[in-house]
Structures are given as structure tokens and as C-alpha cells.
Amino acid sequence: MKKEECFYLGKIVKKFSFKGELLAKLDSDDPEIYEELDSVFIEHRGTLIPYFIEHAQLHKSDLLRLKLEDVNNEAEADALLKADLYLPLSMLPKLEGNKFYYHEIAGFKVIDKRLGDIGIINNVNDQTAQPLFVIIKGEKEILLPINDDIIKKVDRKNQVIEVNAPEGLIELYL
């Protein structure tokens, strides 16, 4: 499985027991949906390695306690500390309404309530304090905050996001 065919699930943050159990911090608003996993990919030296899960359960609400097959002691668990966890994109829960995954909206057209067509989403910059749409219009790059007050409608079928950008914001880029 290639990394680009997967989504980041979380990171192994510590050992839980002397029997090789691990605690993973999940990057999810609903960690309980991952308690029934059969397997997970763990990144090791840039390669995703599949591991079968013997048992998984939530631990203190935001950590997932994992018992992996063939990880039976502290030394084997130590080798997995700080490793990233991945799952295939096909396992992402479907989102509805105005919620979306950043990877799924690349290529969507952005329509502003006042200005009309403002361009195509190239990607999302989530390295800032607030995630931003990176929109391309001709030779220009427009940065628009991803905010529930700005996003009015996500139309997956037609690949369009309707927004109501603050007055003057988009004009700064044009």
C-alpha cells in the first residue's frame, strides 16, 4: 500500500503494558469508530507495514489502546514508539453537508456570493493557525480561510464550494 492511497490516522505515543500494548493518539473527532479495526498500516523507514490488531479499545477517551499481533513485549513495542498510523482512503467515513476532507476538494471550483467564480482549489494549507484554501485564478493565488461562516455550500456532485468571503479579502489578491 502506498502512502498516497492512505490517510493519516494518528501516532503511537507510548507503551501501555509489559505485554506489548500501545497507546495511539488519533487524529479524529470520532475516535470510537476505530475500536473495531482489524488492521492498520504503521510507517517504518518510509514504508507502510501492515499489522493485524488483536484488540483495540478507547483509553481515557482520546487514546486508542492497541494490541497488535506479533508485538508481545516491551522491546517489540519500543520499536514502534512515535510511528505514524495509516488506513486506506476507502476506510474514511463519508462526510455530508458542508464537512469535507482536505484531500477531496482539490480541483473544486470556488464561487463567491458577490464576485462569482474566483478559481479552482489547488490544495489546503493547514500549516497556518487557520487552514486556508489555496485557490488558483489564472496566474494569481488566492488564500481564503476555511471557516464555517465563510463556507455556505459544498456541492460534491458538481465539485463546487460556494462561499461568502469578507468584503475586500479576495480583491486583495486580484
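Predicted model: local features only at pLDDT ≥ 70, side-chain atom pairs only at ≥ 80, totals over all residues.
**Figure 1. Asp84, a buried partner in a salt bridge.** At 16% relative accessibility, Asp84 falls under the 20% limit and therefore counts as buried. Asp84 bridges to Lys11, with 2.9 Å between the closest N and O atoms. Because Asp84 sits in strand S6 and Lys11 in strand S1, the contact ties together parts that lie 73 residues apart in sequence. Lys11, for its part, is partly exposed, at a relative accessible area of 29%.

**Figure 2. Lys15 and Glu74 meet in a salt bridge.** Here the N to O distance is 3.4 Å. Lys15 belongs to strand S1 and Glu74 to helix H1 (residues 74-78), so parts that are 59 residues apart in sequence are tied together by this pair. Both ends are partly exposed: Lys15 has 28% relative accessibility, and Glu74 has 40%.

**Figure 3. Arg156 and Glu104 form a salt bridge between two loops.** The closest N and O atoms of Arg156 and Glu104 are 3.3 Å apart. Arg156 lies in the loop between strand S11 (151-155) and strand S12 (160-163), while Glu104 lies in the loop between S6 and strand S7 (109-112), so the pair ties together parts that are 52 residues apart in sequence. Arg156 is partly exposed at 27% relative accessible area, and Glu104 is partly exposed at 25%. In total, the structure holds seven salt bridges, including the ones shown in these views.

**Figure 4. Tyr8 and Tyr86 make an edge-to-face pair.** For Tyr8 and Tyr86, the ring centres are 5.8 Å apart and the planes meet at 75°, which is over 60 degrees, so the pair is edge-to-face. Tyr8 comes from strand S1 (residues 6-15) and Tyr86 from strand S6 (residues 84-88), which places the two 78 residues apart and links distant parts of the chain. Tyr8 is partly exposed, at 33% relative accessible area, whereas Tyr86 is buried, at 7%.

**Figure 5. Phe100 and Tyr102 form a tilted aromatic pair.** The centres of Phe100 and Tyr102 are 6.5 Å apart, with 50° between the planes. Phe100 is buried at 12% relative accessibility, whereas Tyr102 is partly exposed at 34%. Keep Phe133 in view too: Phe100, Tyr102 and Phe133 make up one aromatic cluster.

Terms used. Residues numbered from 1 in each chain as written. Heavy atoms only, no water. Phe/Tyr/Trp six-rings, centres within 6.5 Å; stacked < 30°, edge-to-face > 60°. Helix = DSSP H or I, 4+ residues; strand = E, 2+ residues; numbered from the N terminus. Buried < 20%, exposed > 50% of the residue type's maximum accessible area, 1.4 Å probe, protein only. Salt bridge = Lys/Arg side-chain N within 4 Å of Asp/Glu carboxyl O.
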